[in-house]
Amino acid sequence: MRLLGCHRQGLPLECNSADISLRSTDQNSKAASDILGHLFTHPSPSLSPPGNRMAAQVGHIAVMTCPNKTDATMVTWKISPKIGGPCTLGYRADQKKVDRTNCSDSMNCEFRSNQSYALEIQQVGMADEGNYSCEVVTQEGNFHQMYQLTVLVPPRLSLYCDDHRNPVCEAAAGRPAAEISWVPENNSMTKADSHNNGTVTVLSRFTAHSTDGKTVTCMVYHTTLNETKSIACSSPQSNLILYISIALGFLIIITFMAVIYYFKLHGCRLCHKTEPPDTSLTHSLQDDTTEVEPYTTYVQKENTIYNSVSDLTVGQNLP
């Protein structure tokens, strides 16, 4: 049987004589028409729509939903992870019970009837990546929904200077691989290393020769983040000059302080040796002598009179 340009106008299927040629009896023609009509009016419920691609970051929550059917009698999730064996989670609406087959509790899955019997993974891990298929059983038939879950891993970023004082930007253990660019734009060497767990480390080395002491910026692009870091790498000669300058500065400061201390110490000794006598003390002594002299004269006169009287008394033998 050869079909070209057929269109369905009713049952049985009608096609133009120019587009269809049946080499069989009338009974076979009627049977073939009935089969084609049945295929148009009753498509197979087992045919699944294309899988939806879904990405979730490691450590975050992932939610996948089934077709929204309120009269579902049973919901079945079939999981085929890339790591480990397949497992099945079944939910019966009449018993409100979840049955697990070869599924560990570490997946932390649960059903929510108000979210179209959603499958929820609380903390997504690398082992959760794979294919997820949901089947909803109703009185109308079976309905399917498929997902392809991809787990994203943000890279660990670092920016440093290598032994040759070249800036190096590294995005370690990311999934998928990160992209690295530089500002200012210049030649760079990029290397990517794949790991067994599916993550990739990208290392980019800035190779310009005129960046001594200049600031360069590394820009990292990833599905989970966009981040920039800046650094300035100096050559060993520049660092040596800087260290020598700092050492000379400290030496000059110490020498200057020593000179000041020396002159301060010996200058004070010289001042003590050449210091003129204190005239104020001399004047004070003279003033004190002047004040004492009248009293001294008076005492001397009194003593003279006393001596004269004493001599006279002795000479006259007076009592």
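1. How many bridges join β14 to strand β17? Five, with β14 and β17 (residues 215-221) running antiparallel. Strands pair here if DSSP finds at least two bridges between them. Glu 179 stands opposite Tyr 221 in β17.

2. A word on provenance before going further. This is a predicted model, in which local features need pLDDT of at least 70 and side-chain atom pairs count only at pLDDT 80 or more, while totals for chains, interfaces and linings use all residues. Numbering starts from 1 along each chain as its sequence is written, and side-chain values use heavy atoms, with hydrogens and water left out.

3. The overall inventory: the protein chain has three helices and 18 strands. Those elements are DSSP runs numbered from the N terminus, helices being H or I of at least four residues and strands E of at least two. Of the 319 residues, 26% count as buried; buried means under 20% relative accessible area, exposed over 50%, and partly exposed in between (1.4 Å probe, protein chains only). The accessible surface comes to about 22200 Å², and carbon and sulfur atoms own 55% of that surface. Areas are from the Shrake-Rupley method with a 1.4 Å probe, and for residues only the protein chains shown count as cover.

4. On contact range, take residue pairs at least 6 apart in sequence: 53% of the contacts between them join residues at least 24 apart. Contact means heavy atoms within 4.5 Å.

5. Back to β14, now for its two faces. Ile 180 and Trp 182 make up the covered face, whereas Glu 179, Ser 181 and Val 183 are on the uncovered one. As a general point, side chains in a regular strand alternate between the two faces of the sheet.

6. Strand β5 (residues 74-81) has two partners worth a look. With β6 (residues 87-92) the pairing is antiparallel over six bridges, and Trp 77 has Leu 89 as its bridge partner in β6. Five residues sit between the strands of this hairpin, and Gly 84 there takes a positive phi near 95°. Strand β10 (residues 130-138) also runs antiparallel to β5, joined by eight bridges; in β10, Val 137 is the bridge partner of Met 74.

7. Now the packing. The largest nonpolar core has 22 residues, and those with the most contacts inside it are Met 64, Val 75, Trp 77, Leu 119, Ile 121 and Tyr 132. Two or more residues each come from β4 (62-64), β5, β6, β9 (118-121), β10 and β11 (141-152). A second, separate core has 15 residues, including Ala 171, Ile 180, Ala 208 and Cys 233. A core here is a set of buried Ala, Val, Leu, Ile, Met, Phe, Trp, Tyr and Cys residues joined through side-chain atoms within 4.5 Å.

8. Val 151 is found in strand β11 and counts as buried because its relative accessibility is 0%. Leaving aside residues up to four places away in sequence, Val 151 touches Ala 56, Val 58, Val 124, Gly 125, Met 126, Glu 129 and Arg 175. Val 151 and Met 54 are 97 residues apart in sequence, yet 8.7 Å apart in space, C-alpha to C-alpha.

9. What about nonpolar side chains on the surface? Ile 253, Phe 256, Met 257 and Ile 260 form a patch there, with about 440 Å² of accessible area together. Met 257 belongs to helix α2 (residues 236-273) and is exposed, with a relative accessible area of 54%. Patch residues have over 30% relative accessible area and no salt bridge; nonpolar side chains (Val, Leu, Ile, Met, Phe, Trp, Tyr) are joined within 5 Å, like charges within 9 Å. A salt bridge is a side-chain nitrogen of Lys or Arg within 4 Å of a carboxyl oxygen of Asp or Glu.

10. Finally, some backbone items to check. Most residues other than glycine have a negative phi, and most peptide bonds are trans. A cis bond joins Arg 175 and Pro 176, with omega about 0°, and Pro 176 is in the loop between β13 (167-174) and β14 (179-183). Another cis bond, with omega about 5°, joins Val 183 and Pro 184. Lys 96 has a positive phi near 50°; Lys 96 is in the loop between β6 and β7 (97-101) and is exposed at 68% relative accessible area. Arg 165 has a positive phi of about 60°, and Arg 165 is partly exposed at 28%.
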